[in-house]
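I opened the model to look up how its parts are put together. My notes follow in the order in which I checked things.

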Amino acid sequence: MEKSKQFLESLVSHLVTNPAAVFVEVKTDEMGVLLTLHVAAEDMGKIIGKQGETAKAIRTLLRVCGSAEKARINLKIAEPEGGRVVPQY
């Protein structure tokens, strides 16, 4: 799973403006491997992309990596602190 983690960190660090803030957590259980991606708040739009297309592409690439390692890999993109503005009525 270390290869998948390194692949994700390398890929995402080339997409964002603040690569030092990229961090990946790995959690393994009976359902497979969960990679949780943390990026800076200003880079969330670049990771998700228009209509989520970039995130879908990253997930597809991770599934290919997982098939090579014979593991099911899922990606969770963690919401950064203060990343979402909630309207107050």
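This is a predicted model: local features need pLDDT of at least 70, side-chain atom pairs count only at pLDDT 80 or more; totals for chains, interfaces and linings use all residues.

I looked up burial in β2 and found it mostly covered, with 5 of its 7 residues buried. Buried means under 20% relative accessible area, exposed means over 50%, and partly exposed lies in between (1.4 Å probe, protein chains only). Helices (H or I, at least four residues) and strands (E, at least two) are DSSP runs, numbered from the N terminus.

Residues are numbered from 1 along each chain as its sequence is written, and side-chain values use heavy atoms, with hydrogens and water left out.

Entry 3, the chain. I counted 3 helices and 3 strands in the protein chain, and from the N terminus on they run α-β-β-α-α-β. Buried residues make up 29% of the 89 residues. The C-alpha trace spans about 50 × 30 × 25 Å along its principal axes.

I found 3 strands in an open sheet, in the order β1-β2-β3, with mixed pairing. Two strands pair if DSSP finds at least two bridges between them. The edge strands, each pairing on one side only, are β1 (23-29) and β3 (73-77). From one strand to the next the twist averages 20°; axes are lines fitted to C-alpha atoms, for helices over the stretch in contact, and angles run from 0 to 180 degrees between N-to-C directions.

I traced 7 bridges between β1 and β2 (residues 32-38), which run antiparallel. A hairpin of 2 residues connects β1 to β2. Val 24 has Leu 37 in β2 as its bridge partner, and Glu 25 stands opposite Thr 36. I then checked the faces of β3: Ile 73, Leu 75 and Ile 77 are on the covered one, Asn 74 and Lys 76 on the uncovered one.

Contact means heavy atoms within 4.5 Å.

Which residues of α1 are buried? I listed Ser 4, Leu 8 and Val 12. Seen down the axis of α1, these buried residues fall within an arc of 55°, so they line one face of the helix; the arc is that of the directions from the helix axis to the C-beta atoms. The face turned away from the buried side carries the exposed Lys 3 and His 14.

I found 17 residues in the largest nonpolar core, and Leu 8, Val 12, Leu 35, Leu 37, Val 39 and Leu 75 have the most contacts inside it. A nonpolar core is a set of buried Ala, Val, Leu, Ile, Met, Phe, Trp, Tyr and Cys residues joined through side-chain atoms within 4.5 Å. Leaving aside neighbours within four places in sequence, Val 12 is in contact with Val 22, Leu 37, Val 39, Ile 47 and Ile 58.
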